[in-house]
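Here are my notes for a first look at this model. Have it open beside you as you go through the points.

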Amino acid sequence: MKITVLEESIRRRQADGCTICPRCGRSMKPRLHTNALSRQLAGIYVCDDCGMDEALRALARCPLPLKEWRAARAEK
Ligand SMILES: [Zn+2]
C-alpha cells in the first residue's frame, strides 16, 4: 500500500473518532488530541508509548518502517 493512501486512511479514521493506535493497534486515550503526534506521519496521532518509541528511534536514526505499522499490516 502506498504511504499516502495509508496516511489518508488513518487520517480519515481518526477524524471519525477512531482511537486505536495506528502504529501498535492498542487503544489510545479517548480524547484524540491528548495523544502523541506522530513524527513520521504529519497530523496523525499515536499512543504515548509509540510517541516515545518514535522519539527514541528518531535519535537512533532507525524509524520503524511504515509497513510495520499495525494499520499497514491490517490492510494488506
Ligand atoms: Zn501505539
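1. Start at Gly-51, which touches Ala-36 and Val-46 once residues up to four places away in sequence are set aside; touching, or being in contact, means that the C-beta atoms, placed from the backbone, lie within 7 Å. Gly-51 sits in helix α2. Its C-alpha atom is 6.9 Å from that of Leu-37, a residue 14 places away in sequence. Is Gly-51 buried, exposed or partly exposed? Gly-51 is partly exposed, because there are 19 other C-beta atoms within 10 Å. The cut-offs are these: buried takes 20 or more other C-beta atoms within 10 Å of the residue's own, exposed 12 or fewer, and partly exposed is in between, with C-beta atoms placed from the backbone.

2. A word on the ground rules. This is a predicted model, where local features need pLDDT of at least 70, side-chain atom pairs count only at pLDDT 80 or more, and totals for chains, interfaces and linings use all residues. Numbering runs from 1 along each chain as its sequence is written.

3. Now the overall layout. The chain has three helices and two strands, in the order α-β-β-α-α along the sequence. Its radius of gyration is 11 Å, close to the 11 Å that the globule rule gives for 76 residues, so the chain is as compact as a globular protein of that length. (The radius is taken over C-alpha atoms, and the rule is 2.2 Å times the number of residues to the power 0.38.) Helices (H or I, at least four residues) and strands (E, at least two) are DSSP runs, numbered from the N terminus. Buried residues account for 24% of the 76 residues.

4. Check the helix lengths too. Helix α1 (residues 3-15) has 13 residues and should span 18 Å at 1.5 Å a residue, which agrees with the 18 Å between its end C-alpha atoms. For α2, 12 residues should give 16 Å, and the end C-alpha atoms are 17 Å apart, which agrees. The expected span is 1.5 Å times one less than the number of residues.

5. Ile-10 is worth a click. This residue of helix α1 counts as buried because it has 24 C-beta neighbours inside 10 Å. Beyond four places in sequence, Ile-10 is in contact with Pro-22, Leu-41, Ile-44 and Ala-71.

6. Which residues make up the largest nonpolar core? There are 12 in all, including Ile-10, Met-28, Leu-41, Tyr-45 and Trp-69. Such a core is a set of buried Ala, Val, Leu, Ile, Met, Phe, Trp, Tyr and Cys residues joined through C-beta atoms within 7 Å.

7. Arg-23, in the loop between α1 and β1 (36-37), counts as buried because it has 28 C-beta neighbours inside 10 Å. Its contacts beyond four places in sequence are Val-46, Cys-50, Trp-69 and Arg-70. Arg-61, in the loop between α2 (48-59) and α3 (70-74), is exposed, because 6 other C-beta atoms lie within 10 Å. Arg-61 also has a positive phi of about 55° although it is not a glycine. Most residues other than glycine have a negative phi. Just after α1, Gly-17 takes a positive phi of about 100°.

Key: Two residues are in contact if their C-beta atoms, placed from the backbone, lie within 7 Å.
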